[in-house]
Each structure stands twice: as structure tokens, then as C-alpha cells.
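Hi,

Here is the structure for your files. My notes follow below it.

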Amino acid sequence: MRFARQTWTIALKDLRSEFRTKEALNASLSFALVILLLFSFAFDPTAEMTREISGGLLWLVFAFAGALLLNRSFARELENDCLDVLVVSPVPAAALFLGKALANYLLLLGIEIVCLPVFGVFYNVSWTRQPAWLALVLLLATWGITVIGTMFSALTVNLRLRELMLPMLVYPMLIPCLMAAMQLTTPLIAGQAPAGDQLAWVRMLVGFDIIFTALSVALVETVLIG
């Protein structure tokens, strides 16, 4: 119970800090919307083309927007040596990591929820045909992006080129998660629920989240104190 309260306290602190400045949130949301707008004007996709690229387009936009958001997760604590204070505080490193991951998760989910209606308008797509399955894929894949991104944000926080290093390290690790999300989202946008072999992608997302959450919680103290 105490661990959960500490985790929620860290998440609430990060959410309040982000909503006070809106630096990363505005940058990520603006980036995502601009990319969706530019693609729609640049390629003027037909209905068939939109159905084929919908999964890939959405998850590439979410992944790039997420990198902008996640880059600030630990970097904002560098001012006034706040990160050192957090590390030596009684809060366990695992609670610190999960709190930050939870805050990032909620922020990235918010960006995705704003982007989906915009995607539907720009590309003339009805994306609500399988709302329950689409919500499940969003929840699972977004947690995968958040866990990996938050972990590497901690790993690169003291590097001078952390804005460049974070995407270079994160995107290769995210390939299984993004592949599963894209493979599932494309038919969901077309109104087809996953069946047969496609359910293996759902199991991959669940396994990816469990494995990398456990690894991150186990290794975060070494990364921060290291």
C-alpha cells in the first residue's frame, strides 16, 4: 500500500509539473497533429490506401510524439539537483520509476485520444468500429512505449546529447511492440476484430509489457545510482 501511494505521489507530481508548464505536452501534441495534417495533404490518400497505412501511420506518429514527451521525464529533475534529492529520498527507485512511467502513460494516452478524431477527420475514416479492441491495443502498446522510453530517459539523463540518444536507443527496442500494434490497428480501423493468428500479436504485446516492466523495475536502481 505504501509503495502504491509513493508511486502515485511521484506520478501526481510529474503531472502537475507538466500541466504547469505544458512544455513537452504542447510540443508532442503539436508534432503529432502536424504530421497527420502533412501526410493527408502530401499524399491525398484514397480510402483503400488509408486502410492499408492507418496502423503504421498512427503508431509512427505516436512513437515520435512519445519520444518528445519521454525525453523530459527525468531531464526536468536536473534543475536545482532535484534528481539527486529524489534518488536519496526514502522513495524506492522502483516507485520513482513507476510513478514517472504512469505520468508519461497518462499524458501519451491523452495525446493519442486527441489524435484519433483528428485522424478520422483528415483521412475520412471511421475509426470507432471496434472500440473495445482498439482501446485494448492502445493501452497495451502505449504502456510498452512508456516503459521503454522512461527507462532510457533515466539512462540518458546525464548525457549532453540525450535528445539525440534517446530516440536512437528507444526505437530499436520498440520494434516488436510497434509491429504488433501496427498489425492489430490496421484491421481494427477497417472494422475487423482480431481472430486466429492475429491474436498472437495481442499475446506479444502482453508479454512485451510484462517482461520489460519487470526488467525496468529490477534495473532502475542500478541505472539511477549506478
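Helix 1 (residues 2-21) has 20 residues and spans 29 Å from first to last C-alpha, close to the 28 Å expected at 1.5 Å a residue. That expectation is 1.5 Å times one less than the number of residues. Helices here are DSSP runs of H or I, at least four residues, numbered from the N terminus. The model is predicted: local features need pLDDT of at least 70, side-chain atom pairs count only at pLDDT 80 or more, and totals for chains, interfaces and linings use all residues. Numbering starts from 1 along each chain as its sequence is written, and side-chain values use heavy atoms, without hydrogens and water.

The buried residues of helix 1 include Ile10, Asp14 and Glu18. Buried means under 20% relative accessible area, exposed over 50%, partly exposed in between (1.4 Å probe, protein chains only). The buried set packs against helix 2 (23-43), helix 4 (72-75), helix 5 (82-88) and helix 6 (93-122). Contact means heavy atoms within 4.5 Å. Lys22 follows helix 1, with a positive phi near 60°.

There are three salt bridges. The cut-off is a Lys or Arg side-chain nitrogen within 4 Å of an Asp or Glu carboxyl oxygen.

- Lys13 and Asp14: 2.7 Å, N to O. Lys13 is partly exposed at 31%; Asp14 is buried at 1%.
- Asp14 and Lys100: 2.9 Å between the closest N and O atoms. Asp14 is in helix 1 and Lys100 in helix 6, so the pair ties together parts 86 residues apart in sequence. Lys100 is buried at 0%.
- Arg72 and Glu23: 3.4 Å, N to O. Arg72 sits in helix 4 and Glu23 in helix 2, 49 residues apart.

Shared partners join Lys13, Asp14 and Lys100 into one network.

Best wishes

Note on methods
Helices (H or I, at least four residues) and strands (E, at least two) are DSSP runs, numbered from the N terminus.
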